[in-house]
Amino acid sequence: MKSTSRSKGTARGIKRIDLAYVELASSEDARDINRDIVLEIIRSQQPVARADLARSSGLQPSTISAIVEQLIKEKWVSEGAVSRPPRGRPSTLVSLNDAMVILVADVRPGQAIVALVDLNGRFLAREAVPLVSDPERSVNKIVQCMQSMQAAHRGRSFEGIGISMPGRVDPDTQCLILAPNLKWADFDIKRTIEQKMNLQVELANAANACLLAELWSGRLDGVRNAVLITISEGVGGAILANGQIITSRNGLAGEFGHSPIDPTGPLCGCGQHGCWEVFASSNAALRYYAELCPKGHAISVQDLLRMADEGDDAALAAVSRQAGHIGRGLRVVTAALAPEVILIAGDLTTLWTRFGPIIQAEMEKTMLAGPAPQLGITKDGELARLRGAAAVVLQRHSGYHKSTHLAGTGKHSRRKAATSK
């Protein structure tokens, strides 16, 4: 049987299963779980022999051979060099197939970054695409860029398209349902791109995508409860609870940026006043700078951070104020979820050594009890959303998650192989 909730253990180690949350596991479930485990082991240990896959997974050699042959047929895996051990027969090593690639896009208000990524996370192409207010015209620009990359890499096998969105995506309909800073909610992004590209498109919230990338890379191994906060034009969040990414009803879980901090504060894009993101976002930092330098010219977030790094007093004050609000707002996260780890992704992380301690100090001041969670930043900085978009495609297409969405994901390597060996 498989359970959609974590079993509870008694003092004697006997697991108690809540029958309200279990369903029978079919032989197809077991086969897909085993396939997913084998693919994860190949990814982490490549190049690897079939015999080593059997030892690492606990599966029978015949099962390993069948799974590997299927993965080769579907182009997820390719054979390489022949290993000749001191004892035993030579074996052909297998690795992830470098010829298979994924088109990805990180969509933000005003600009999208489009890239081509292989299964090992290497970027083969990357380009910035300016966007306009009209979603159809903007999506056409993204498609044209993707078509150019596809034409330039005709020898590759294109698995699909992953798109990181600055808003919430319904996990069932794959429609954008909340994006106050983008305002594309009524436009069918997925269907439009699929029709033009003839590839399956996977949409995901940027924070959820970044968190999935952290899980995929193994940086959260051993962590069961974490929260990832994205800081850009808005503030978003993703929740890892008991080893699973939680999206909840309509994919809205994690919208910490729209938690009210001060009802007398500025108007937020969601229509309410004083949300956390109007104090802690990159746009807020730009507003603070404009208040300090009212006669100055308009600048970008990148300009502001560069100026802060160079010691500009007004820029330092603006970003420090933003960092303070980030730290104080984390009380919503620590009080509600008490995670082991909080990760920050976004613009501010480029100057983390300077402003991270401000966030840490403010967070520690607001703790209800006990030590504060471990605070850190995502591995890839500005590339985190792109890697996350690729990870979403891998997660949904490669194994037993292929018919589901982000809710319920976890590190595959921690699962036991299914018993049908």
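All views show a predicted model.

View 1. Two or more lining residues come from each of strand S7 (100–108), strand S8 (111–118), helix H8 (282–292), helix H9 (301–309), strand S17 (341–346) and helix H12 (384–397). With four residues, H9 gives the most to this lining, and the space in the second largest pocket amounts to about 650 Å³.

**View 2. Helix H9 and its buried side.** The residues of H9 that are buried are Val301, Leu304, Leu305, Met307 and Ala308. Because they cover an arc of only 160 degrees around the axis, they lie on the same side of H9. An α-helix has 3.6 residues a turn, so residues three or four places apart point the same way. The packing partners of the buried residues of H9 are H8, helix H10 (313–337) and helix H11 (352–365). Just after H9 comes Gly311, which takes a positive phi of about 95 degrees.

View 3. Leaving aside residues up to four places away in sequence, Ser320 touches Phe355 and Ile358. The C-alpha atoms of Ser320 and Ile359 are separated by 9.0 Å, although these two residues stand 39 residues apart along the chain.

**View 4. Two cysteines, Cys210 and Cys293.** Cys210 has a relative accessibility of 1% and so counts as buried, whereas Cys293, at 24% relative accessibility, counts as partly exposed. A disulfide is a covalent bond between the sulfur atoms of two cysteines. With a cut-off of 2.5 Å between cysteine sulfur atoms, the count comes to zero disulfides.

**View 5. The protein as the setting for the close-ups.** The secondary structure of the protein comprises 12 helices and 18 strands, and of its 421 residues 52% are buried. Among contacts between residues at least 6 apart in sequence, 61% join residues that are at least 24 apart.

Definitions and conventions:
Residues are numbered from 1 along each chain as its sequence is written. This is a predicted model: local features need pLDDT of at least 70, side-chain atom pairs count only at pLDDT 80 or more; totals for chains, interfaces and linings use all residues. Side-chain values use heavy atoms; hydrogens and water are left out. On a 1 Å grid over the protein atoms alone, a cavity is a set of points where a 1.4 Å probe fits but cannot get out, and a pocket is an open set with protein on both sides within 12 Å along at least five of seven lines; lining residues have an atom within 4 Å of a point. Grid points are joined across faces, edges and corners, and a volume is the space filled by probe spheres set on the points. Buried means under 20% relative accessible area, exposed over 50%, partly exposed in between (1.4 Å probe, protein chains only). The arc is that of the directions from the helix axis to the C-beta atoms. Contact means heavy atoms within 4.5 Å.
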